[in-house]
Amino acid sequence: QVQLVESGGGLVQAGGSLRLSCAASGRPFSSYAMGWFRQAPGKEREFVASIFWSSRWIYYADSVKGRFTISRDNAKNTVYLQMNSLKPEDTAVYYCAAKEDYRLTGTADYWGQGTQVTVSS
């Protein structure tokens, strides 16, 4: 059974940083893209960033380019999201996702349960 377990969320002031982690288990992920989505209250879930196994393909939403960095440690089956210069509009539940494809920007095969990120002004 595939599990994606997020950690690292919390409360931070605007301009601060947080690092999210997502540990994957249950199957080999060598052909999977892994990534992050977020959902703010009253809004639809939106794509944030994704990275393929080899790190050859990396994608970011325009709203986070230059502030967020996605990376992965394949030996640990873990993907990270380093979030810098956080803004109040980054407040949301952040979800880890995985898809057997080189690109993950929409639908996913697997989802984590989410971790709350709150940025105060």
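Two strands pair if DSSP finds at least two bridges between them. Strands (E, at least two residues) are DSSP runs, numbered from the N terminus. This is a predicted model: local features need pLDDT of at least 70, side-chain atom pairs count only at pLDDT 80 or more, and totals for chains, interfaces and linings use all residues. Residues are numbered from 1 along each chain as its sequence is written, and side-chain values use heavy atoms, with hydrogens and water left out.

**The open sheet**

An open sheet is formed by four strands in the order β1-β3-β8-β7, with antiparallel pairing. Its edge strands are β1 and β7 (68-73), each pairing on one side only. From one strand to the next, the twist averages 15° (axes are lines fitted to C-alpha atoms; angles run from 0 to 180 degrees between N-to-C directions).

β1 (residues 3-7) and β3 (residues 18-25) are antiparallel and joined by five bridges. E6 has C22 as its bridge partner in β3. Q3 stands opposite S25.

**Strands around β11**

β11 (residues 115-120) pairs with β2 (residues 10-13) in the parallel sense, over four bridges. There, G10 stands opposite V117. β9 (residues 92-99) pairs with β11 in the antiparallel sense over three bridges. Y94 faces T115 in that strand.

**Alternating faces**

In a regular strand the side chains alternate between the two faces of the sheet.
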